[in-house]
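Good morning, and thank you for coming.

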Amino acid sequence: MELVEETPYRWRIEPEGAMRVPGVVFATRELLPDPAADQALGQVAAVATLPGIVEASYAMPDMHWGYGFPIGGVAATDVEDGGVVSPGGVGFDISCGVRLLLADLHVDRLRPRLAALMDALDVSVPRGMSKGAVWRLGSEAELEEVLAGGARYAVERGHGEPGDLEHCEDRGAVADADPAAIGSRARERGLRQVGSLGSGNHFLEVEAVAEVYDEEIARAYGLWPGRVCVLIHTGSRGLGHQVCTDSVHTMQAAMTRYGISVPDRQLACAPVDSHEGRTYLAAMAAAANYGRANRQLLGQAARHAFDRVIGDGGLSLLYDVSHNLAKLETHQVGDRARRLCVHRKGATLALPPGHPDLPPDLRAFGQPVLVPGSMGVGSYVLAGVPGAPAFASACHGAGRRLSRHQAVKTITAARLRADLEHEGIAVRGASARGLTEETPGAYKDLDAVVAACARAGLARTVAKLTPIGVVKG
DNA sequence: ATGTAC
């Protein structure tokens, strides 16, 4: 594979073989995956063979190996030109994403009550594999309301505050969700997990604004130095996972009927404009709404904990983004506006200033792009910029460098816990395994990823958040 | 990511 350095922040994989478009990777040389340990660059090239793909198979600076598509991958297909949709281009955790809430509180005032707050969050945030949830759904009919209405339904049922929905991508619910497209097994798994964190890299973190890089946008976003924030990273749990599994099987069986061949079975796909394609998108949208409701519920759980311990710590929602989703969007391709199916897997939509989908109070400044780092290193808030490449997309996190298996061999849970406490970061509820799998050493350098993202013109850096306490599964 | 495997 020929990898050409176009700029210090942009690399090109020349089309060869069945590739229909080049691969384009936004990264510095240091951030590129190690070909000996990580097949992600080959995956970028493989995605470039998908029917209907336009412009390029893109990857963000946090890219790494994933199921079929790389994590950090962005690929758009032309719906009217036989373009396909692929569940692997969304990922198993459909609409996994991040929500950032802002407390009306300076970190110095929180410190004396931090332990109490963390204890309150510890008991009010269900987490871990297949454990409990905040919201016990009354019936399968109510699950259908969640699948159709997402965070909007949660707020209608009292789990939210006015203004929450306006600060959610898609106003809290993806359109065209069809609960009937979701299988019975996924439904069963979904009944008991609305309002639960899960495990792996999912977390709830208490953070504070540490540095401001863009004064004007930070002011508009409400990010003043020292301000306490809550970052929630979770997705659609077992339900989304089951939807992905079911769809991959369906599409693997259907592909020959559509005359599609792909270099990797994990790239199973079907035309967007086909029964299988439409059914997947309808099920994916429903699972996405489940994920949106999930983050809404956990945001409420955080609010209740703040109310109990702080009293006046009221949390306002800055924004809620998804970083695992396929969306039908219209973009200029060459000299024509085209209807595209844009897959973002471990990549965040980053709408530019002035975009009509942004809420009025944020519209002039561009969409908040929330970039959680690994445990203990904090997070960034970026903003969408005009004319960004890759269909208005940006990075979604630090990006894994070591596999979970490799990560656990680098440090003990006791050592990691001590390191975090030494840095003044309170840890609650993390299993030893969960902790060591997520050691910061297993991830790329978040500062470098965000810098590359900004230098590549994907987004603007607004502020950095530093962690104070972490709740993990 | 995930009741960590068909």
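Predicted model: local features only at pLDDT ≥ 70, side-chain atom pairs only at ≥ 80, totals over all residues.

I shall start with a cysteine. Cys 453 counts as buried because its relative accessibility is 0%; here buried means under 20% relative accessible area, exposed means over 50%, and partly exposed lies in between, with a 1.4 Å probe and protein chains only. Residues are numbered from 1 along each chain as its sequence is written, chains are lettered from A and ligands numbered from 1 in the order in which they are written, and side-chain values use heavy atoms, with hydrogens and water left out.

Let us stay with the cysteines. A disulfide is taken as a pair of cysteine sulfur atoms within 2.5 Å, and by this rule the count comes to 0. Cys 453 is in no disulfide, as the nearest cysteine sulfur, in Cys 395, is 3.6 Å away.

Next, the strands. Helices (H or I, at least four residues) and strands (E, at least two) are DSSP runs, numbered from the N terminus. Strand β4, residues 57-64, has 8 of its 8 residues buried, so the rest of the structure largely encloses it. Two strands pair if DSSP finds at least two bridges between them. Strand β3, residues 23-25, runs parallel to β4 and is joined to it by 3 bridges, with Val 25 opposite Ala 59 of β4. On the other pairing, 3 bridges join β4 to strand β5, residues 71-78, and these two run antiparallel. The partner of Ala 59 in β5 is Gly 73. β4 and β5 make a hairpin with 6 residues between them, and in the turn Gly 68 has a positive phi of about 75 degrees.

Now consider an arginine. Arg 295 lies in helix α8, residues 275-309. Is Arg 295 buried or exposed? Arg 295 counts as buried, because its relative accessibility is 0%. A polar contact is a pair of N or O atoms within 3.5 Å; within protein, one must be able to donate a hydrogen and the other to accept it, and residues adjacent in sequence count only if both atoms are side-chain atoms. The side chains of Arg 295 and Asp 320 are joined by such a contact of 3.0 Å. A polar side-chain atom of Arg 295 also lies 2.9 Å from the backbone oxygen of Thr 234.

A residue is near a strand if one of its heavy atoms lies within 4 Å of it. DNA strand B is surrounded by 15 residues, and the closest are Arg 189, Gly 200, Asn 201, Arg 237 and Arg 404. Of the atoms of DNA strand B that come within 4 Å of the protein, sugar and phosphate account for 64%. Helix α7, residues 237-254, gives the most to this surface, with 4 residues. A side-chain N or O atom of Gln 193 is 3.2 Å from a phosphate oxygen of DNA strand B. For His 241, a polar side-chain atom lies 3.4 Å from a base oxygen of DNA strand B.
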